[in-house]
Amino acid sequence: MSTFQTASAPLKRSRFTDVEVWSAFDTGWSSGEPKSLICCDVRDETRDVKTFTFQCGDFQVLAFEPGQFITIVPSINGQAISRCYTLSSSPARPFTFSITVKRVPGGLVSNWLHENLHAGEQLTAYGPAGTFTSTCSDARKLLYLSAGSGVTPLMSMTRASCDLAADVDIAFVHSARSPVDIVFRKELQLLASFKPGLHVLSVCETIETEPEWIGPVGRLTLEILLQSVPDFLEREVFTCGPKGYMDAVQALLAGAGFNMEHYHQESFDLGDPSSPVVVPVAAPSMVPTGAFTVTLAKSGRTFQMSHDETILAAAKRAGAVVPSSCSQGICGTCKTAILEGSVDMNANGGIRQREIDKGFRLLCCSRPTSDLVIDL
Ligand SMILES: Cc1cc2nc3c(=O)[nH]c(=O)nc-3n(C[C@H](O)[C@H](O)[C@H](O)COP(=O)(O)OP(=O)(O)OC[C@H]3O[C@@H](n4cnc5c(N)ncnc54)[C@H](O)[C@@H]3O)c2cc1C
Ligand code: FES
């Protein structure tokens, strides 16, 4: 098994910091504005993953930070449905950009994309958003841990580092179901063959599809991590994958004494759409009890709910159609004006202060603290 430990020479800074390069391309596509995208290529990555490449309909270049996502809004059976997808391409190649989508069994949009989106077709999208990016840190020693489609933000970060010849040391450990399910397998091997400081390892749960596989088999363990990245405790860690995987990674790192201040993660999971989003609640003494009446101003419909539920979950339960995507306060799709009343909101980057000042809130991570009238 290869070892990712760096040589003892201090890492030099690259000529440009990532942030300087991204801002040079800034075209001002605000995350709140819809844009028409043209699909220019569709590529099979694995048996259930495809990459869709786009350009802006107005041929603007796209400025984003590696790790950010866009929210696409395909019209499916006459209904506009929003979903977030991370930009898997490198922001240093801004003329086209890609999303890489895994089919989710029973999933509406992922299957629609796989079956219906072809080169030449148009799609509406909302601009790049999200705070899960390696540019948030100055660290030069990085550990990327991903599983399944969680590879996409880390692939964008890796591609960007290669394109910019960034002076970083990246250990990239990806977990897949089996060798044929490793997304970007050939490209990662190629990048690692010429990019100094990039080391890639895949861990496969089963190897039925490729019995000659010589890499680690099973799930990511402390033993695998210690053998392959012995200096992992010194690295800035970025993790993306299913919830179970991320819980296991957190437990593994915390158990090994990793300083979790250097840990960053993003989840693609929505959880059970019918249940409330789990967000930290306010201090017990501040939490109001009892039922509140919520009035939807446009339809005049009312429903009762308690502070235990998010407004999004309660509104959907009451039959209201509320645009939403991430259910985690990160994408901004459920942004709605609160016309009367007050809420507790636990946003995760999906709303700007100036929007909050104008009375908007994210319904997926807001809970009422009084009766409400909302602009729906
Ligand atoms: C920030 C962010 C970035 C993301 N990036 C990527 C990416 O790069 N690549 C990628 O592939 N995905 C990504 N995702 C996930 C993506 O947004 C979608 O959630 C995913 O594609 C599934 O969408 P869907 O419409 O196909 O499935 P949905 O229709 O939303 O269904 C999802 C699952 O829930 C089940 N389900 C649906 N409705 C109900 C219900 N009422 N009760 C119980 N179960 C139900 C379905 O059967 C399915 O198993 C990202 C998500 C976020 C939040
Ligand atoms: S649905 Fe994404 S912020 Fe609410």
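This is a predicted model: local features need pLDDT of at least 70, side-chain atom pairs count only at pLDDT 80 or more; totals for chains, interfaces and linings use all residues.
Residues are numbered from 1 along each chain as its sequence is written, chains are lettered from A and ligands numbered from 1 in the order in which they are written, and side-chain values use heavy atoms, with hydrogens and water left out.

A quick word on terms. Strands here are DSSP runs of E with at least two residues, helices are runs of H or I with at least four residues, and both are numbered from the N terminus. Two strands pair if DSSP finds at least two bridges between them.

So where do S14 and S20 sit? They belong to an open sheet of 5 strands with mixed pairing, in the order S15-S14-S20-S16-S18. Strand S15 (302–306) and strand S18 (360–362) are at the edges with a single partner strand each, so one side of each has no neighbour in the sheet. On average, neighbouring strands of this sheet are turned by 40 degrees against each other, direction ignored; the axes behind that are lines fitted to C-alpha atoms, for helices over the stretch in contact, and angles run from 0 to 180 degrees between N-to-C directions.

Strand S16 (residues 335–340) pairs antiparallel with S18 over 3 bridges, and Thr336 stands opposite Arg361 in S18. S16 also runs antiparallel to S20, joined by 2 bridges, with Glu340 opposite Val373 in S20.

Now the other sheet. This open one has 6 strands in the order S6-S3-S8-S1-S2-S7, with antiparallel pairing. Its edges are S6 and S7, each with a single partner strand, so one side of each is left without a neighbour in the sheet. The twist from one strand to the next averages 40 degrees. Inside it, strand S1 (residues 34–46) and strand S8 (residues 122–129) pair antiparallel over 5 bridges, and Leu37 has Leu123 in S8 as its bridge partner.

On to the ligand. Which residues are closest to ligand 1? Of the 23 residues that surround it, the closest are Arg83, Cys84, Tyr85, Val109 and Ser110; a residue counts as near if one of its heavy atoms lies within 4 Å. By class, that shell has 12 nonpolar, 8 polar and 3 charged residues. Nonpolar covers Ala, Val, Leu, Ile, Met, Phe, Trp, Tyr, Cys and Pro, charged covers Asp, Glu, Lys and Arg, and the others, Gly among them, are polar. S6 gives the largest share of the shell, 4 residues.

For backbone contacts, an oxygen atom of ligand 1 is 2.6 Å from a polar backbone atom of Cys84, and a nitrogen atom of ligand 1 is 3.2 Å from one of Thr86. A backbone N or O atom of Leu108 lies 2.9 Å from an oxygen atom of ligand 1. Taken alone, ligand 1 exposes 970 Å², and the protein buries 74% of that, by the Shrake-Rupley method with a 1.4 Å probe. The elements giving two or more residues to the shell are strand S6 (83–86), strand S7 (97–102) and helix H2 (108–116).

Note on methods
A polar contact is a pair of N or O atoms within 3.5 Å; within protein, one must be able to donate a hydrogen and the other to accept it, and residues adjacent in sequence count only if both atoms are side-chain atoms.
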